[in-house]
Amino acid sequence: MDSIRIDELTWVDIKEKIENGFKSVVFGVGSTEQHGPSLPEKTDALQADNFANIIALELRNTLQAPTINVGFSGYHLHFPATISLRKETLGMIVEDYINSLAGHGFENIIIFISHGGNEEPIKNLLPKMKEKYPDKKIFYYYTQEILPAMRDIGQKYGLSFGEIGSHAGDMEASVMLYLAPELVRKDRFVRGYAKMITPRVRKKYRAEGFQTITETGVVGDQTKATAEKGLDYMESFKKVVIPYIKRQLED
Ligand SMILES: [Zn+2]
């Protein structure tokens, strides 16, 4: 069986692949946190895993390491069964991933972050990793350049930024209908906090919890989500993410 997922391969296969030009490895970092009454807690983890897989396939000669399914989700803990790592813990896990993978000879280590809370600890870790491995490219992608793609989707479907939503809104509900419809409770779709998230609002929920801005845990509007749109979101993100990563690799 051939695979690009290292946890599905034997060390013999992996050694052979690295020797034959698989110089890059990618892994996703998601979360296990509430995504409203309709979407599963693995929403970010599933997106991270799928996107890391797409990146590996698109770049070619790239292997995928296991997705880290739990992240920093402190401000979602009000909602049952959200699991949050401390920022330091997440940083240490990612550091251990990088040290392990770097030791096996990968030249490029790419991290795909699907959840905002994970960015800070990973961003803080990278200078140390770059110093330790000056000859390697180690970087992450987290929605740096995604806004124009969001605006295009919004225009196409008549949705505002607020409705597309930064958490469990039209985007994530549509993507989940595309990726894992069996896990989605469509009958519970709601319109949540659908205004723009201003810096003031972000500061509030980060300090006091998500429940202080949205009772259901939804930021955005899920009520018009469709699987077709989910594919559309993924394709348009792909058009942004893949060139971004290729540019980083060429630099
Ligand atoms: Zn999410």
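# Questions about a predicted model

Me: Why is Met 196 called exposed?
Reply: Its relative accessibility is 51%. Exposed means over 50%, so Met 196 counts as exposed. The model is a predicted one. Met 196 is found in the loop between α7 and α8.

Me: What makes the nonpolar surface patch?
Reply: Leu 147, Phe 161 and Met 196 make this patch, and its area is about 290 Å².

Me: Why is Met 92 called partly exposed and not buried or exposed?
Reply: Its relative accessible area is 48%. Buried means under 20% and exposed means over 50%, with partly exposed in between, so Met 92 is partly exposed. Met 92 has its place in helix α3, residues 87-103. The C-alpha atom of Met 92 is separated by 8.5 Å from that of Leu 125, which is 33 residues apart from it along the chain.

Me: What makes the arrangement around the zinc ion irregular?
Reply: The four donor atoms subtend angles of 55 to 140 degrees. A tetrahedral set of four needs all angles between 85 and 135 degrees, and a square planar set needs those of donors that are not opposite to lie between 65 and 115.

Me: Which atoms are the protein donors of the zinc ion?
Reply: They are NE2 of His 35, OD of Asp 44 and two OE atoms of Glu 172, lying 1.9 to 2.6 Å from the ion. A donor must be within 2.8 Å, so these distances qualify. Along the chain the donors follow the spacing H-x8-D-x127-E. Asp 44 belongs to helix α2 and Glu 172 to helix α7, so the pair ties together parts 128 residues apart in sequence.

Me: How do you know whether Asp 44 is buried or exposed?
Reply: Its relative accessibility is 2%. The limit for buried is under 20%, so Asp 44 counts as buried. Glu 172, with a relative accessible area of 4%, is buried too.

Me: Why is strand β3 called mostly covered?
Reply: Six of its six residues are buried. Asn 108, Ile 110 and Phe 112 point one way, while Ile 109, Ile 111 and Ile 113 point the other way.

Me: How do you know that β1 and β3 pair?
Reply: Pairing needs at least two bridges, and β1 and β3 have six, in the parallel sense. Ser 24 stands opposite Asn 108 in β3. Strand β4 also runs parallel to β3, joined by five bridges. Here Ile 110 stands opposite Phe 139 in β4.

Me: What makes Lys 229 and Asp 170 a salt bridge?
Reply: Their closest N and O atoms are 2.8 Å apart, and the limit is within 4 Å. Lys 229 lies in helix α9 and Asp 170 in helix α7, so the pair ties together parts 59 residues apart in sequence. Lys 229 counts as buried at 4%, and Asp 170 does so at 0%.

Me: How do you know that Lys 238 and Glu 58 meet in a salt bridge?
Reply: The N to O distance is 3.5 Å, and within 4 Å is enough. The pair links helix α9 to helix α2, 180 residues apart. Glu 58, at 34% relative accessibility, counts as partly exposed.

Me: How many salt bridges does the count come to?
Reply: The count comes to 15. Glu 163, Arg 191, Asp 221 and Lys 224 are linked in a network of salt bridges.

Note on methods:
Residues are numbered from 1 along each chain as its sequence is written. This is a predicted model: local features need pLDDT of at least 70, side-chain atom pairs count only at pLDDT 80 or more; totals for chains, interfaces and linings use all residues. Side-chain values use heavy atoms; hydrogens and water are left out. Donors are N, O and S atoms within 2.8 Å of the metal (3.2 Å for Na, K and Ca); water is not among the atoms, so sites may look incomplete. Four donors count as tetrahedral if all angles lie between 85 and 135 degrees; four count as square planar and six as octahedral if opposite donors are over 155 degrees apart and all others between 65 and 115; anything else is irregular. Helices (H or I, at least four residues) and strands (E, at least two) are DSSP runs, numbered from the N terminus. Buried means under 20% relative accessible area, exposed over 50%, partly exposed in between (1.4 Å probe, protein chains only). Patches are made of residues with over 30% relative accessible area and no salt bridge: like charges are joined within 9 Å, nonpolar side chains (Val, Leu, Ile, Met, Phe, Trp, Tyr) within 5 Å. Accessible areas come from the Shrake-Rupley method with a 1.4 Å probe; for residues, only the protein chains shown count as cover. A salt bridge is a side-chain nitrogen of Lys or Arg within 4 Å of a carboxyl oxygen of Asp or Glu.
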